[in-house]
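Please look through the sequence and the model below before reading on, and keep both in view as the explanation moves from one part to the next.

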Amino acid sequence: IFGYKAEEMLGQTFHRLIPADQDPEEELRQIREAVAQRGAIEHYTAPRLTRDGRRIIVSISRSQVKSREGGILGSTAIIQDVTDKMEMDQRIYQAEKLASIGLLASGVAHEINNPLAVILGFTDLLLENCEQGSPIYEDLKTIEQNANQARIIVNQLLGFARISEARSEN
């Protein structure tokens, strides 16, 4: 997992595998405490460094090894590189968030479209009964322009929602 040969690790501590932003003593204390209290830990995730300096995420399961009499002889650990799995989980989470945002955008857009249709409909009716160039006519044209601008934004929201829905279905 880490890229070291066995002879390279002889006499070394696991500190060599810990990124500089982590406290190896504190982590080791927590792991030892958990194993002592429960007899084992499962799927403890932690960042580690490979020989070439890559940062990976590992899952550690560690349990006590006891003698027939019940005395603790030591411990054994299973370490798995879960970097790819965690990255995939993060991508799935982001895709689900995007799909949720798309669904929300779609709902908001449809809720705004209904009053916009009423505003534009009544504006159109009132414009038919107003004299072109009158102050009321100009005010109604301003309402119509702004309602049409809002409709463009709503259509963009709906377009975003369709893209998000398509991404979540893939």
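In which strand is the place of His-43? His-43 belongs to strand S1, which covers residues 40-49; strands here are DSSP runs of E with at least two residues, while helices are runs of H or I with at least four residues, and both are numbered from the N terminus. The model is a predicted one, in which local features need pLDDT of at least 70 and side-chain atom pairs count only at pLDDT 80 or more, whereas totals for chains, interfaces and linings use all residues. Residues are numbered from 1 along each chain as its sequence is written, and side-chain values use heavy atoms, with hydrogens and water left out.

His-43 has a phi near 55°, a positive value in a residue other than glycine. Most residues other than glycine have a negative phi. His-43 also counts as exposed, because its relative accessibility is 52%, and the cut-offs are under 20% relative accessible area for buried, over 50% for exposed and partly exposed in between, with a 1.4 Å probe and protein chains only.

The C-alpha atoms fill a box of roughly 100 × 35 × 30 Å along the principal axes, and 25% of the 170 residues count as buried.

Where do buried nonpolar residues come together? The largest nonpolar core has 6 residues, namely Ala-109, Leu-116, Leu-120, Ala-147, Val-154 and Leu-158, where such a core is a set of buried Ala, Val, Leu, Ile, Met, Phe, Trp, Tyr and Cys residues joined through side-chain atoms within 4.5 Å. Helix H3 (83-128) and helix H4 (135-169) each supply at least two residues of this core. Apart from this core lies another, of 5 residues, among them Phe-2, Ile-56, Val-58 and Ile-60.

Met-9, by comparison, lies in helix H1 (residues 6-9) and is partly exposed, with a relative accessible area of 23%.
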